[in-house]
Amino acid sequence: MRKIIVSVAAIAAVATLSFSGTAALAAKCPIKIGGLAPLSAPGAVGGGEAMRDAMLFAERDINAAGGVLGCDVKVVIADTEGLPEKASAIMEKLITQDGVVAVGGAYHSSVGVASKDVANNRKIPVVFAETWNDTITGDKQKYIFRIAPLSSWASATLWKAALLVPNIKKVAILTENTDYGIPAAEETTRGLKSGGVEAVTFGVDIGTQDYSGIVERIKAGKPDYIIVLATGEAGYNFAQQAADAGIGPQDIPFQAGQVALESKAWWENVPDGNMAFVQRIGTPVNLWNKKALKLNEDYKAKTGKGAIESYALEAYDSISILAQAINEAESTDGAKIVEALENISHEGTLGRIYFPYGTKKDPSADGKGDEWWHQWPDPAMTMIQYQKEGQNSTESPIVWPDAYKTGPAIYVKK
Amino acid sequence: MEFPNIFWGVIGWMIFWAVVGSVITRRLYLHKDLDTSNAAFVGSMLGAAMGPIGLAALWLKTPELTNRLLVWPAVGAVTLIAAAFAFADPSNNCVANGSFVASQISNGIILGIIYGFMALGLTLIFSILGIVSFAHGEFYMIGGMVAYFVTTVWFPGIYPIVGILAACLVTFALGAAFERMFLTPMYDGKIERPVEYGILVTFGLAFTLQYFIQATVGANPVKARRFFDFPRLRLPTAEDPWLIKTSRGNMELFDTISISNPRFVAAVACVLVLLALLYFLHRTWTGKALRAVSLDREAAAIAGINPDRMNMLAFALGGMIAALAGSLLVQAFSWLPQVGAIPAMRSFVIVVLGGLGSLPGAFLGGIIVGLVEATGTGCVPDAQKAASYIPAYGMIVLTLTLLLRPTGLFGRRFSGGAHGKF
């Protein structure tokens with residue numbers, strides 16, 4: 001009898017161990033990764049759809065390469081609508097109902113700011129793809145990573161490019177009242193002031209349609225340059241209404257919002273949008289690696305667009321870097337994925353992605369600010385300019401900085 | 001603002017005497033057994049505009065509160081606010097830049113015409129059916145979508161009027177079908193709370209339409225091409241076009257007022273359709289029947305008018321008016337399934353401000369809201385906040401109006417059976 005009991009116990013122990021070992025390696029198949037994207041207004045739907053498509057391509061490529069921990073990966077797409085209140089709820093749902101082990105994507109800063117606490121409290125790693133607000137990584141949360149640039153870096157692109165406009169003295173900034181727009185406007189204003197240029201900021205709520213009053217006010221101020229920090233259809237509405245009133249991209253130097261990178265939508269919504277400057281995040285097309293070029297071809301074939309947008313590349317990388325981290329962690333445990341991410345060297349479409357600062361090394365050790373925590377330090381930032389009607393944003397010349405420049409800027413002046 | 005103490009001091013003074021005037025005037029008129037319906041409004045406006053002097057005269061004479069007494073103190077109060085603002089912030093564009101003021105006023109009027117036009121549909125539905133249609137914004141959205149698809153996707157280059165007419169036809173049919181299928185239970189006593197039912201069922205329609213369009217068309221912003229470009233005009237001479245100067249997308253009058261092409265087209269079309277609507281309501285049998293039902297359903301039925309048929313017509317016509325506004329504005333704004341939310345909310349403000357069920361009230365309310373929004377956006381000294389408060393400007397006017405005149409500008413004091421009058 002004793003022998004039988006010992007044998008049964010031994011078999012049970014072996015079975016338990018083998019099950020737990022398998023669980024450590026394979027977890028529950030398929031392994032689910034959340035993918036945040038704005039797919040409804042007032043979010044930037046064009047950007048959201050591009051990110052969604054790219055994240056699904058990432059899922060396809062990961063599974064084609066053997067999946068993760070012996071399982072297929074499933075990217076669970078969640079619509080944030082670009083709204084912070086929605087973002088928290090969506091993050092909660094992804095974690096508690098869908099059972100994701102990590103989350104990638106996200107476009108709007110306000111979404112990142114609102115949802116990061118939920119993920120961090122529930123110990124689920126997040127790699128934010130396109131959320132710029134400095135505090136997202138600046139709060140030094142263990143489970144939060146970012147491959148998008150910091151807002152302060154992105155703003156530097158804006159004001160440094162603006163200071164190159166001939167005889168510039170006065171700038172009008174139209175910004176959305178969000179976690180992206182407000183700090184970006186403040187940082188841009190500070191930068192312009194350091195160059196002796198006055199800036200006036202006009203705030204609008206996300207989703208505003210009619211800008212006639214504000215356009216007249218900007219016009220009365222006679223600015224030498226206009227900077228738009230508005231996502232979603234607001235960026236289109238303002239640009240075309242400004243053009244109708246004679247202060248559009250063909251009238252004075254005009255930096256459009258990032259939604260202008262969606263070329264097809266830009267030309268449909270802003271037919272008078274030629275000569276607009278647009279900030280572009282990500283490696284210039286002429287420097288794309290094989291992975292980016294391959295993804296670009298697949299993306300063009302699927303969407304019918306002229307080329308893949310930079311935030312779609314970021315979204316793709318945010319998922320594929322998480323897959324690599326889960327593989328290297330050999331676990332779906334959040335803390336182990338974080339450890340793997342802190343040590344990762346990922347060859348993504350944006351280039352080599354790594355995180356030099358985190359629990360191993362605090363940013364302060366190198367005299368860096370807290371916002372460098374879990375932050376990829378090398379995203380490329382450029383300023384392009386549409387110089388032909390109907391042009392694709394990836395074919396438009398890069399006019400700044402000199403390191404990436406492919407053509408001279410044209411500064412219009414009535 | 002250079003001298004904020006002046007401005008806020010005057011505002012404080014006005015509020016104090018407005019409150020005193022509102023409370024005491026009403027009590028005094030009540031005490032003397034006079035009509036009190038406008039007493040609070042006149043007392044507050046007179047107090048705000050003329051302080052104790054005006055109020056003393058009013059209280060001593062307690063005259064009949066005619067329309068003149070309603071209008072002039074209100075104009076005086078607005079003038080006093082403007083004067084205080086001019087003294088407090090002399091370098092503000094709204095004070096120092098006449099061209100800017102003219103542009104903002106023209107902008108406000110043009111926007112107000114469009115707002116008012118859209119609100120007409122809502123008030124038409126309310127005055128006949130007695131319900132507030134929460135699907136009004138979705139009719140506006142569908143109007144724009146139909147016009148976009150007809151003029152830009154399916155038949156590019158076709159006359160824009162075809163797209164506009166298609167939008168009207170589709171939404172009229174949709175409104176009529178919806179009314180027949182879902183609103184008829186309200187009329188025959190099958191529903192215990194018909195008004196609440198009407199609100200909820202239109203709310204359901206709004207969601208259905210919005211998500212149906214999102215599922216079928218997508219959520220990316222689309223936009224129709226300008227319906228037509230302005231011809232190039234330089235008057236009186238090409239060298240000095242001080243009278244009128246046009247480019248493809250813009251018109252400049254007197255070297256000061258700037259009007260964009262899509263808004264100009266939309267506003268002119270709205271005025272023309274409004275005139276046609278007035279003709280329809282006042283000169284045709286069907287229009288008169290609609291007005292009769294809005295005044296008294298039972299009496300209209302006795303006179304041989306079928307009120308149920310008028311219900312269907314009113315709902316379809318109301319939705320069509322919103323769609324018409326949408327089809328005219330799809331060349332001005334980027335269009336999404338959610339595009340109707342803000343205009344619908346604004347329409348609710350306008351119809352309550354103008355008086356539920358009143359067509360002139362809706363139109364005047366629209367212009368008032370348009371002007372207040374333009375003034376707020378243009379004049380609030382803090383540029384960062386001026387446009388952020390756009391939704392609040394209309395709400396402030398609405399709150400004040402409801403506080404002092406709960407029936408709105410042209411609303412009926414008592415509603416018996418019908419829900420308004422045109």
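Student: What distance separates the centres of domain 1 of chain A and domain 2 of chain A?

Tutor: Taken over C-alpha atoms, those two centres are 27 Å apart. The domain bounds come from an automatic or database domain assignment; domain 1 of chain A covers 25–150 + 290–372, and domain 2 covers 152–285 + 381–400. A word before we go on: this is a predicted model, in which local features need pLDDT of at least 70 and side-chain atom pairs count only at pLDDT 80 or more, while totals for chains, interfaces and linings use all residues. Residues are numbered from 1 along each chain as its sequence is written, and chains are lettered from A and ligands numbered from 1 in the order in which they are written.

Student: How many residues of domain 1 of chain A are in contact with domain 2 of chain A?

Tutor: Two residues are in contact if their C-beta atoms, placed from the backbone, lie within 7 Å. By that rule, 26 residues of domain 1 of chain A touch 26 residues of domain 2 of chain A. On the domain 1 side, the elements giving two or more residues are H2 (45–64), H4 (109–121) and H12 (310–329) of chain A. Helices (H or I, at least four residues) and strands (E, at least two) are DSSP runs, numbered from the N terminus.

Student: How do the residues on that side of domain 1 of chain A divide?

Tutor: There are 11 nonpolar, 11 polar and four charged. Here Ala, Val, Leu, Ile, Met, Phe, Trp, Tyr, Cys and Pro count as nonpolar, Asp, Glu, Lys and Arg as charged, and the others, Gly among them, as polar.

Student: Which residues touch the most other members of the largest nonpolar core?

Tutor: In soluble globular proteins, nonpolar side chains tend to be buried together. A nonpolar core is a set of buried Ala, Val, Leu, Ile, Met, Phe, Trp, Tyr and Cys residues joined through C-beta atoms within 7 Å. The largest one has 236 residues, and Ala54(A), Ile326(A), Ile114(B) and Ala325(B) touch the most other members. Beyond its neighbours within four places in sequence, Ala54(A) contacts Tyr299(A), Ala312(A), Leu313(A), Ala315(A) and Tyr316(A). A second, separate core of 16 residues includes Trp17(B) and Val42(B).

Student: Why is helix H12 of chain B described as largely enclosed?

Tutor: Of its 23 residues, 21 are buried, so H12(B) is largely enclosed by the rest of the structure. This helix, residues 307–329, reaches 33 Å from its first C-alpha to its last, close to the 33 Å expected at 1.5 Å a residue (1.5 Å times one less than the number of residues).

Student: How many residues does each chain give to the contact between them?

Tutor: Chain B gives 34 residues and chain A gives 37. On the chain B side, H5(B) gives the most, with five residues. That side divides into 12 nonpolar, 18 polar and four charged residues.

Terms used. Buried ≥ 20, exposed ≤ 12 C-beta atoms within 10 Å, placed from the backbone.
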